[in-house]
Amino acid sequence: MHTAMDELLKFKEIWQIVQDQELRVNPLQNRVLIRKQSNRIVAKFRKSLLIEVCLCMIVLPIIVWALIANMASINRNFLLFLGVLVISCAGYYLHKYRELGKMEPAAGFNVKQFLNEQLLWMQEFVSVYMRLNLSVLAFCILILMILGTDSPLYLLQEITGFNQYAISLAILVITAMITLAAYPLLKLYIYGMFGRYIRQLESNIRELEENES
Amino acid sequence: MTENKLLFNEKDFEVLLEEHRGIIWRICRMYHRDEADQQDLYQEIVLRIWQALPGFRGDSQLSTWIYRVALNMAISGFRKQKKQLQYGKINADALCIAEADDEKQETINLMYKAINGLTDIEKAIILLHLDQQPNEEIANIMGITQNNLRVKMSRIRERLRVTMNAHRDG
């Protein structure tokens with residue numbers, strides 16, 4: 001029966017052989033490598049955030065602009081307000097995207113510190129991603145409601161004499177209610193996407209902190 | 001050659017990489033069995049070292065810093081599911097050596113099989129240990145106390161022994 005120490009000594013011997021088997025890398029290949037874009041999971045997450053922010057910045061204002069030009073029942077100032085809101089939101093998330101870039105942990109931290117910082121980064125990222133998706137969802141619901149109810153609302157205004165501001169307010173309240181109702185589903189969806197990575201980080205940190213007094 | 005010169009000169013960076021390439025490859029092999037995955041991780045580590053080099057303050061040895069960067073990239077990389085060890089795919093180059101010595105080859109395969117059963121953190125510790133890093137340095141790279149390291153090392157040794165004995169008995 002081998003002892004644990006014997007095994008480790010044997011491993012060390014074998015390790016020396018493995019060390020001699022290093023692959024040869026063409027120096028030119030290294031130059032190519034340092035010019036490539038990072039394929040890290042964190043870089044991918046950030047990229048998907050940027051894509052969503054750009055969609056929010058370009059697509060949504062265009063839709064809002066189209067609405068301003070065509071809607072009969074909705075107050076033009078209200079739509080203009082929405083347009084400004086969309087652009088402000090996009091600016092805010094772009095700022096958050098940049099902040100996330102600065103928040104990335106330094107690669108030279110020790111492993112425990114790096115994992116802790118990475119976990120904090122992920123939590124902030126998920127929080128920003130959640131807020132962004134919630135905002136986009138709210139805007140989409142709002143736009144769909146305006147598009148779908150334009151004619152009925154116009155008739156309602158004619159019949160009841162409600163002014164456009166009251167109707168705009170009602171639309172905002174209904175949108176907020178639907179968005180709130182969709183929040184748990186969105187949360188489930190987003191944690192489904194990123195939860196495994198967060199759990200992996202947490203588990204590694206827990207393991208490192210075991211036996212620390 | 002001063003550290004600062006390394007920051008801005010690709011040629012010096014190549015020299016640096018050549019000197020420490022072994023560390024990076026061993027880490028890539030430790031964490032990935034598939035050759036394509038090893039290459040991907042190698043690329044990420046090289047890129048990260050290049051990007052992070054301006055932040056290297058020289059308060060530790062360069063090799064220690066490279067161990068940190070490489071292990072951080074390896075451990076924090078997301079794997080959807082842990083791949084089972086495939087004997088046929090383990091280190092094609094290791095197999096070349098084995099042709100000369102079947103017993104040695106068997107032990108190399110077994111070593112990787114045993115290591116593959118360890119957690120990511122345990123893999124980092126055993127790699128540093130096998131690379132002859134002193135305990136103080138391992139604790140420093142991992143960010144844990146030396147007592148904690150001793151406990152972990154003894155657990156790793158025991159796990160490796162159980163795996164190896166199980167193989168011999170089976």
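Predicted model: local features only at pLDDT ≥ 70, side-chain atom pairs only at ≥ 80, totals over all residues.
Residues are numbered from 1 along each chain as its sequence is written, chains are lettered from A in the order in which they are written, and side-chain values use heavy atoms, with hydrogens and water left out.

Let's start where the chains touch. Chain B brings 71 residues to the contact and chain A brings 56 (contact means heavy atoms within 4.5 Å). Two salt bridges cross this interface (a side-chain nitrogen of Lys or Arg within 4 Å of a carboxyl oxygen of Asp or Glu). Arg48(B) and Glu104(A) form a salt bridge through their side chains, at 3.8 Å from N to O.

What does chain B put on the side that touches chain A? Sorted by class, there are 33 nonpolar, 16 polar and 22 charged residues. Here Ala, Val, Leu, Ile, Met, Phe, Trp, Tyr, Cys and Pro count as nonpolar, Asp, Glu, Lys and Arg as charged, and the others, Gly among them, as polar.

Now for the second largest pocket. A pocket, on a 1 Å grid over the protein atoms alone, is an open set of points where a 1.4 Å probe fits, with protein on both sides within 12 Å along at least five of seven lines; lining residues have an atom within 4 Å of a point. Its lining has 16 residues, and among those closest to the centre are Gln37(A) and Arg46(A). By class, that lining holds five nonpolar, three polar and eight charged residues.
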